[in-house]
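Hi,

Here is the structure I promised to pass on to you.

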Amino acid sequence: MGEEATHHWIVVLDVENFSSRRDPVQRRVRAAMYRALAEALRRAGITDADTVSEDRGDGVLMLVAPSVSPRVLAGPFVRELDEALGEYAQEANADHALRLRVALHQGLAARDAHGWSGDAVNTACRLVDAQPLRDVLAEALSARLVLAVSDEVHRGVVRHGHRGIDPAAYLRCDFTTKHGETITSWITVPGYPAPPGLPAPGDPAPTAPPAPGATSAVPAGNDTGPDAAGRPSVALHAQTVQGDQVAGDKHVTVHNTGSVRP
């Protein structure tokens with residue numbers, strides 16, 4: 001029989017590019033991850049009695065008692081984890097680099113003989129595995145970690161701007177899971193004013209480049225008259241326009257300051 005489900009803060013850590021390393025390197029990187037995690041918890045004032053962890057091979061699932069303030073998790077804990085990773089980076093070569101994706105969520109979780117389960121645990125794992133989070137860490141070349149919080153944590157904690165938490169450094173990111181579920185997360189990168197690779201609110205949506213050979217068609221004879229400098233506009237029949245050479249029989253309008261060769 002498993003235990004009754006109870007509320008926890010749920011933190012998931014995952015090591016970037018872990019599976020591509022050789023076995024001896026994986027063991028050293030795992031040891032460094034656990035050292036950094038333990039140091040960050042200690043510096044943030046979170047005791048062993050406040051947490052229970054489950055190993056994930058390339059990361060950690062950590063459940064934190066509801067008595068711990070989520071402000072501490074989103075603020076001092078993340079800051080201290082980033083600092084601990086920075087200290088490790090000073091002595092590690094590229095093969096042993098340690099960068100983390102971190103997710104913070106909350107909800108009910110139950111423990112049985114094999115570990116922890118619950119929809120909140122599943123959501124936290126989906127947050128840390130989301131491709132946009134991976135992409136942001138890949139773009140943030142000087143970063144040591146990237147954090148995603150769930151929409152619930154953002155609404156209840158981050159957006160209020162508690163001491164040590166900057167809401168302006170978070171950007172919203174909606175992603176779809178492999179099961180077709182859309183999840184809203186908020187992403188931040190310590191040391192960056194905004195997570196790189198995500199569009200800021202109000203930015204225009206990116207437009208696809210024109211396909212090779214695409215043309216801009218106008219009706220035949222749709223001559224636009226002189227341009228702003230008084231030069232005549234020449235209406236040409238064209239399928240493709242490359243430089244000043246024209247061929248085909250569709251219509252484009254070309255403004256040209258010199259001669260046009262047929």
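Let's start with D82, which counts as buried because its relative accessibility is 9% (buried means under 20% relative accessible area, exposed over 50%, and partly exposed in between, using a 1.4 Å probe and protein chains only). Before going on, some ground rules: this is a predicted model, where local features need pLDDT of at least 70 and side-chain atom pairs count only at pLDDT 80 or more, while totals for chains, interfaces and linings use all residues. Residues are numbered from 1 along each chain as its sequence is written, and side-chain values use heavy atoms, with hydrogens and water left out.

**Salt bridges**

What does D82 pair with? Its side chain meets that of R144 in a salt bridge (3.2 Å, N to O). By salt bridge I mean a side-chain nitrogen of Lys or Arg within 4 Å of a carboxyl oxygen of Asp or Glu. This one links distant parts of the chain, since R144 sits in the loop between α4 and β6 (145-150) and D82 in helix α2, 62 residues apart. Helices (H or I, at least four residues) and strands (E, at least two) are DSSP runs, numbered from the N terminus. R144 has 28% relative accessibility, so this residue counts as partly exposed.

The whole structure has 15 salt bridges. Another one joins the side chains of D14 and R56 (4.0 Å, N to O). D14 belongs to strand β1 (residues 6-15) and R56 to the loop between β2 (51-55) and β3 (59-64), so the pair ties together parts that are 42 residues apart in sequence. D14 counts as buried because its relative accessibility is 3%, whereas R56, at 28%, counts as partly exposed.

R172 and D174 also form a salt bridge, with their closest N and O atoms 3.1 Å apart. R172 is partly exposed at 48% relative accessible area, and D174 is partly exposed at 41%. Salt bridges that share partners also join D14, R56, R101, D129 and R134 into one network.

**Nonpolar cores**

A nonpolar core is a set of buried Ala, Val, Leu, Ile, Met, Phe, Trp, Tyr and Cys residues joined through side-chain atoms within 4.5 Å. The largest one has 41 residues, and F77, L81, L98 and L100 have the most contacts inside it. At least two residues each come from β1, α1 (23-43), β3, α2, β4 and β6. Which element gives the most to this core? That is α2, with nine residues.

Take a look at L98: not counting residues up to four places away in sequence, L98 touches V15, V29, A32, M33, L85, Y88 and R144 (contact means heavy atoms within 4.5 Å).

**H96**

You'll find H96 in the loop between α2 (70-89) and β4 (100-112). Is H96 buried or exposed? H96 counts as buried, because its relative accessibility is 16%. Leaving aside neighbours within four places in sequence, H96 is in contact with R21, V25, R28, V29 and Y88.

That's the tour. Happy exploring!
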